[in-house]
Amino acid sequence: MLRHPQYTRKRIAQLADRFAQRIYPQTRPLDSLLVAGPIEQRIGYAEAMKLDYAPANLGMQLGPPWHTFWFKARATVPTEWAGRRVDLLWSTHSENTLWVHGRALQGLNAGEGQARPEATLVHEAEDGAELTFELETACNKNFGVGKQGKGAFASLSPFILDRAQIGVFDSLAWTIHHDLKFLSDLEDSLSEDQGSIDRTFAGELLFEMNRFANEIDEEDAATWPEAHRILQALFQRGNASSVHELSAIGHAHIDTAWLWPLAETTRKCQRSFGTATRYMEEYPEYKFACSQAYQYDTIERHDPDLFARIQAAFKRGQWVPVGGTWIEPDCNIPSGESLIRQFLYGQRYFQKRFGRRCREFWNPDVFGYNGQLPQIMRHCDIARFLTQKLSWNYFNKPHTHTFDWVAVDGSSVLAHFPPADTYNAVVSIRELRFNAANHKDFDRSRHSYMLFGHGDGGGGPTRQMLEYLRRARDLQGLPRTAIRSSDEFFDVLEAETKDRLSVVGELYFELHRGTYTSQGLTKRNNRYGEVMLHDLELLSAVGHRLGLTGYDHAAVDALWHTLLLNQFHDILPGSSIGQVYEDAARQFEAFFAEAEPMRKSAADAVSGKGNRLVPINTVSVCRREVAEHPDGGLVVAESAGMGIGRVVEADDPVIVREDAAAATITLENQVLRAVLDRDGRLVSLIEKFSGRQAMAEPGNIMELYDDRPTAWDAWDVEPPHLETAAPCPPADRCEVVTASSLRAEVAFGRPVGKRSRIDFAVRLDSWSRRLEIHCRADWHESHKFLKVAFPVNVLAMNATYEMQFHAVERPTHYNTSHDLARFEVPGHRWADLSEHGFGVALLTDCKYGYSTRGHRIHISLLRAPAHPDPDADQGEHRFSYAVFPHIGDWRIGGVVAEAVRFNHPMVWGRGGGAPVVWFEVNDENLLLDTVKKAEDDDGLVLRFFERHGGRGEARVRVNVPFHQAVFCNGLEDEGEPIPRDGDLLSIPYQPWKIISIKLK
């Protein structure tokens, strides 16, 4: 043996494989198998039982994709199987749910690495017992429908019924197979490590496994127990006193939508959760972590029996709710308020259904994490954070796995990145050893976490994974391993880690930058949906407090659930299949159809008695601007703050001048002078109070880039695209369409690429400090990327971008690998480039991708990826952006306030109320962002954030009735009372602080 180790290894591997074949020494075909389908709808069990069934045959093709078949099966237990475990052996190369007596018990999968073709029907079978059960077969795989055949094979389905049997289970063959496979894998891994003293143990393993092979007679089961003792003795080789400690938790990361639609996610949850609860009966040590309150809610509504099993497993300590959010949200694009609502709705759900809140934010598969997240977490009673995604970073891998993540305000949470570099670990020997070898914090900590189980498309842990973990508990050559809940792991980590490193600010993900732009309609609906709910909640809450209207909590909650659901990290970023975006479009259509009348009704209620239309300012910044009157025409509306405004006389006419000789058009008011050429380029933009020229070169340049990432089509844009910029063809339309005293507007149109067109209007209003561009694109390109460029007359090393409740500076150069990685970055309503005394900001109404190099600021407008949605972004798009030159930097220039105004047009109410400001803040650093009704009483919740990085104490005037004011957190837990002087509240603030108060 010692002279022929490779022969020995092959001999042992083949012996292990033969024992796998002996796990089911006898099998029987089913007595009866009937089938109904294909069915396009996903129906429930009771309805499925009423379908018309016919005999099914092995080899039958199943399809088309996304359809469902239901099978009714019957089998009889042979006499010789009495008292033994009997399993179903089933394969359709697709996803299946086993139903027994009307209960969804388990998922069955085959292929794509999912080794789960078996399900236990009975643990101790009775002689001659009749077994009846059903199978719900989905014509899709774990990762969607997969590739279809081509040419002569186009009609062949990848889904085929090729196994339908029952088998008697041999527990000793099962144990020997897994012992031998585990030890063989361990020996193989140890023997490869040339510099390790563990090769001594590897030699012992090989010798003893060979001795086992010599002593066992495969055909004589009576020899098995004695030979098996040779293998059992090897598992007594314990670890050293100090070794890497690996905690493990079962996991089935289920993307709420991705390569499958939302409706299929419910069944994925049913299969994965049913399997988890079943395996817990066999493996008492097994613990399973599950995030996303939405997924629990959908199971609670669709399968109450399974939900009851989940709650029972939770009480036993085996089911571990984690995350604290409604879904696992994208963390670049949703607003700060949306992220707080993710925690509010998620934590409230977990509190109601399980009697506890989650202590960690569990978001392993998201494309970057903004720098306010630690504060948002802390504001929502979360102190711990787990992710894995940054291990994918292209340029700069994370330098630590356990650290204090510090927000821009100084708040911090304990963060952990599992060193397995996956949230779908399969508990292989190489993976177990990699956890220890890849760990970067040996000098500070010897603990790490491993999330094991098939994921993305769900599935979760298999029996083999659980068997391997049992064998890996304390064995030489492996980390000491134990299954621990998230609380147990983080408690150990927190107590044991010494001198933790700190990482401050955003965790920028160096991949998937295309997700800031892909699927533009969904992103527009998200921004507009956030604005709608902001307005609706304010108006309804104030109206309710003033006794002018009721408050439909259930309706508002339902709207929030729709918005939060579509902020899932594969929906909002634009990385899902087309069906997902068809669903999203329908959901948002219903969302706005429901919300708009509610907002109008609330606006009318707070507008007082009468029949006159009055403007309402739903934001806390003062404004005087041109507005479109609902009855037609333009007016000037003003408001001192959040409340009812008034229509005033105009005192600044806008001038339009056409210069035929120069082929230019000039738009001018008291603040700006903009010169456009007939191609729609912004040749000049003068801020008249300072006399500064904002443009270094012509701006509003539409640029088209080649966009063919080497991988991850909808997800990625890559640096080479920057070398392919091409200007769009000249405009074929230039026309002054509005030339009133209140508004000047010039319309342009031009072809874009080979098959597309963009029409846009450049607008300047009376007294406006911004020049607006309103666009309608008819987009039909393939693998192209459309941006608009503004070369501004500013020199700065960093550009500033709005993110959730804060602003972040990012470089305008590529000096380091970290700078180079940020060639495309996320931002919200504005991006700014400022030098001392002057700056220029770009404002957007629904765009999230930006890039700045030198003095050129770009807004990313449209992409055209072909996978996973071949029709992504094809069709009509509407979006607006604005150029805002300002005196001073972005703080002094009022960029935040201007972006707020641009994104929140005045709301009109029918009544006769006099101007009133409901809430007024006397300090420009503190922005009142949100007003809502409290969740559990009739109080009002006001949410502020410090917007400039300053410190001080603000006075807030409240002009609605209240008894007492207290500080609260994002979950509305009450804190200290707030000093009050009549209707004035004193609110101290620090840089970038989020402050919530409750008016009781």
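E118 counts as buried because its relative accessibility is 10%, where buried means under 20% relative accessible area, exposed over 50% and partly exposed in between (1.4 Å probe, protein chains only). The model is predicted: local features need pLDDT of at least 70 and side-chain atom pairs count only at pLDDT 80 or more, while totals for chains, interfaces and linings use all residues. Residues are numbered from 1 along each chain as its sequence is written, and side-chain values use heavy atoms, with hydrogens and water left out.

E118 belongs to strand β9 (residues 118–122); strands (E, at least two residues) and helices (H or I, at least four) are DSSP runs numbered from the N terminus. Beyond neighbours within four places in sequence, the contacts of E118 include Y24, D87, Y279 and R463, a contact being heavy atoms within 4.5 Å.

R463 in turn forms a salt bridge with E282 at 2.6 Å, N to O (a side-chain nitrogen of Lys or Arg within 4 Å of a carboxyl oxygen of Asp or Glu). R463 lies in helix α12 and E282 in helix α6 (residues 262–282), so this pair ties together parts 181 residues apart in sequence. R463 is buried at 3% relative accessibility, whereas E282, at 22%, is partly exposed.

Across the whole structure, 92 salt bridges are found. One of them joins R471 and D179 at 2.5 Å, N to O, linking helix α12 (residues 463–471) with helix α3 (residues 171–192). Both R471 and D179 are buried.
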